[in-house]
Amino acid sequence: MINLVADKQLNRRKLFNIIFGNQELLDTIFTNFPLGIALFNNRGNVVDANDKFLKLFRINTMIDIAKLNLFEELNITTDEREFINSNTAVELNKTLDLDDLHKKLTIPVKRSKESVLYLKCVIIPIINKLNNQGSFYLTQIQDLTQEREIAVKLKDSEIRFRMIVENSREGIFIVDDNYKMIYANDELSNILEFSVEEIVGRDFRTFLDEESMDLVVDRYKRRQLGQKVAPRYEFNVVRKDGTKRRVAITSTATKELRGGTKTIAQIIDITKQKKIEQNLKETEEIFRELGEQKLISILIVQNNEIKYANETLGTSLGYSKQEMESWTFNDYLELLYPDDKVFVIQQLKIKNRTEEEKEKNYEFRVIKKDGKIAWREVFSKEIVYNGKPAELISIIDIDEKKRSEIRIQEEEAKFKRVFEAIPDLFFLVDNNSKILDYKGELEDLYLPPSQFLEKELKNLLPEGLGKKSDAAIKRVLETKNPELLEYEISIRNELRYYEARLLYYYKDKVAIFIRDITNRKKAEDMIKEEVKKLKEIDQIRKDLISRVSHELKTPIMAISGASEYLLEKYGNTLNNEEHELVSMIINNEKRLEQLIGDLLDISRFDYNRIKLEKRQYNINKVIRLVSKEMEYLHKRRGIVLETNLSEEIILNIDRVRIEQVFINLISNAIKNTPPGGKILIKSFKTIDKLQIEIADTGVGLTSNEISKIFTKFGKIERYGDGLEFLDISGSGLGLYISKKIIQMHDGKIWVESEGRHKGSKFLINLPID
């Protein structure tokens, strides 16, 4: 074997002539190939190798390589050898420990940073015999160590980002272009009180209330179409128990995820909090697995002519061998990305190079057949081909590697921006609560860094808090679930409140984010105290209204009885002035009696003491009866009252209370309509409701008046030119009571008006069933 190596040129020539035929071409490729190539026999002993192979194995001479047995060093098993012999070419992934190799070969080599290599080996069995030496194998070896490190870094980046997203304080979700939720984190589950499994796969519109539906769906559709939409807004969501929560959303649409346009959004529950201190930027997780490197493409260029091109050059770009057979040099140049074309052509045209310039390595972009842009790396070397200078160009697909590097840089930049944007204090501790790292301003820290770094947290805090924090750290490491710890501590003689969120970070480490919630705690205490006071005041108000109403009822009844007795007993003897005074007493007594009745009704509503006596009644008959009773009033003011009622409709109602509603509405219409005006009462059925409208041509309502007309004591005072006809009597309680009565019938009441002097229309919806 040593003799064969010593006479390697002769034996290589013999091998190539016998096995391949075109000795000159393959000898050139063997010598100048950018990857390691070796020829070894059926015992694993290396017969010949190129310089790249020697450099890869850190071996300086062919004498040393003669000691190398590839079967042993690459751990090629007997089964693998049989598999190799049964195929034309086999690809194996192997590891090689250079330190162990050099110890075996007794080669003194300076230690390298990368002592273990990850290799891809393509082994081709050669059946021909040579000098009775037996079968030979040709192997091409490519170093994948760097690509493996890139894949590991990308995986680490993915883990860090997943930790951030899944433990975010914002609810994060992704919606596809069919309204379907395809991702949701745990915080969204907490906000909606649905499990993640219940959320994913569900139409996001089912979480919206009726009020928010149109707004959210409209913005979702426009965003999916690429239209500009405000990125942040608020709306209501409906939780599992039916309660509503107010949330703020920040969202964006992207086409970078597979399966069409996706909306990525994060929401914050702002029901108890009008402002949030910060919004975590949405983090996108777009990770793709690195594909294996393809076979190398080889070109030999001489005098602007392609002398040789292997099939891989075409297949890697989407072209077949037949398509490329008739291509010229210029056709190949058209594959270059426009911004890189001039640079590549200049590299090919350089003449009279120095020894260093004869071997070059650079990167450029190409355009595939499908129009996609891909990265390639070139190993170019000046050679002699057919007796003339030529350029041997070896091209390796580095598209995945390039994209991986860009993704790593982008993801690390995003992670850094998100982390730096978090205003909370940050501490990294180990399983013994020792503080390894921190982030925060000095004035916010309990102790200066010199006193807590590399020290155990449990020994730095007060005893009780130290034990709690140590127990929480151990639970996080055991369950890998986040923990929330609220505590109070005195800093610079001031008692402050904090919220600590403990997250599993990596192996035996826990990340702790601490937020100062002192102001929030004070605000909550203040709100509780104010709510308590307001409840006490409201109770006093209710008791006062109830007591005064009952106390006034007795003297009013006495006044009423005495006034009626005066008219009955002495009416014929009273003069006009005396008669008018007694009538005034009676009229005002009735107004007081109505006011007291309204106050008692309000008191009953407040204490939930109103009980409806529902029976089956013809609602249109009730309307006609009330209209008849009000005939005297509208005729006295010169107002026309018309009805346009549907067929007879029987509803389950409290007739007395519904009459009270119509009396209030019709009397209000009469009071606010000028002489010569008109009042129209209509009723008609919809699918499941009866709608009643009472419209007048009166003074009308402004938007401000509409907003308070159904409130308690919501009386509207209006004066001025053109309003002399108004009857301003009343307590301002009638419409409030009417609304309560309609709501107790599961109905709805509202008012519409186009403004002053344009009339008003009061509308009632009552369920038919």
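**Note on the predicted model: a sheet, a helix and selected salt bridges**

1. An open sheet of five strands runs in the order β22-β24-β25-β27-β26, with mixed pairing. Strands are DSSP runs of E with at least two residues, helices are runs of H or I with at least four, and both are numbered from the N terminus; two strands pair if DSSP finds at least two bridges between them. The edge strands, β22 (640-644) and β26 (748-752), each pair on one side only. From one strand to the next, the twist averages 15 degrees.

2. The structure is a predicted model, in which local features need pLDDT of at least 70 and side-chain atom pairs count only at pLDDT 80 or more, while totals for chains, interfaces and linings use all residues. Residues are numbered from 1 along each chain as its sequence is written, and side-chain values use heavy atoms, with hydrogens and water left out.

3. Within the sheet, strands β24 (residues 678-685) and β25 (residues 689-696) run antiparallel and are joined by seven bridges. S683 has I692 in β25 as its bridge partner. Helix α25 (residues 655-671) packs on the sheet and touches β22, β24, β25, β26 and β27 (760-767), where contact means heavy atoms within 4.5 Å. The direction of α25 makes about 25 degrees with that of β25. Helix α27 (residues 734-744) also packs on the sheet, touching β26 and β27, and its direction makes about 25 degrees with that of β27. For these angles, axes are lines fitted to C-alpha atoms, for helices over the stretch in contact, and values run from 0 to 180 degrees between N-to-C directions.

4. Helix α20 (residues 463-479) has 17 residues, which should span 24 Å at 1.5 Å a residue; its end C-alpha atoms are 24 Å apart, in agreement. The expected span is 1.5 Å times one less than the number of residues. After α20 comes K480, whose phi is positive, near 65 degrees.

5. The buried residues of α20 are L465, G466, S469, D470, A472, I473, V476 and L477. Buried means under 20% relative accessible area, exposed over 50%, and partly exposed in between (1.4 Å probe, protein chains only). These residues lie on the same side of α20 because they cover an arc of only 160 degrees around the axis, the arc being that of the directions from the helix axis to the C-beta atoms. On the other side of α20, E463, K467, K468 and E478 are exposed. The cover over the buried residues of α20 includes β16 (425-430), α19 (457-460), β18 (483-491), β19 and β20 (509-516).

6. The count of salt bridges is 35, each being a side-chain nitrogen of Lys or Arg within 4 Å of a carboxyl oxygen of Asp or Glu. In one of them, R520 and E499 meet at 3.5 Å, N to O. R520 lies in helix α21 (residues 518-570) and E499 in strand β19 (residues 494-506), so this pair ties together parts 21 residues apart in sequence. R520 is partly exposed at 34% relative accessible area, whereas E499 is buried at 9%. E486, E499, R520, K521 and E524 are linked in a salt-bridge network.

7. K244 forms a salt bridge with D209, with the closest N and O atoms 3.4 Å apart. This pair links distant parts of the chain, 35 residues apart: K244 is in strand β9 (residues 244-254), and D209 is in the loop between α11 (196-199) and α12 (210-224). D209 is buried, with a relative accessible area of 3%.
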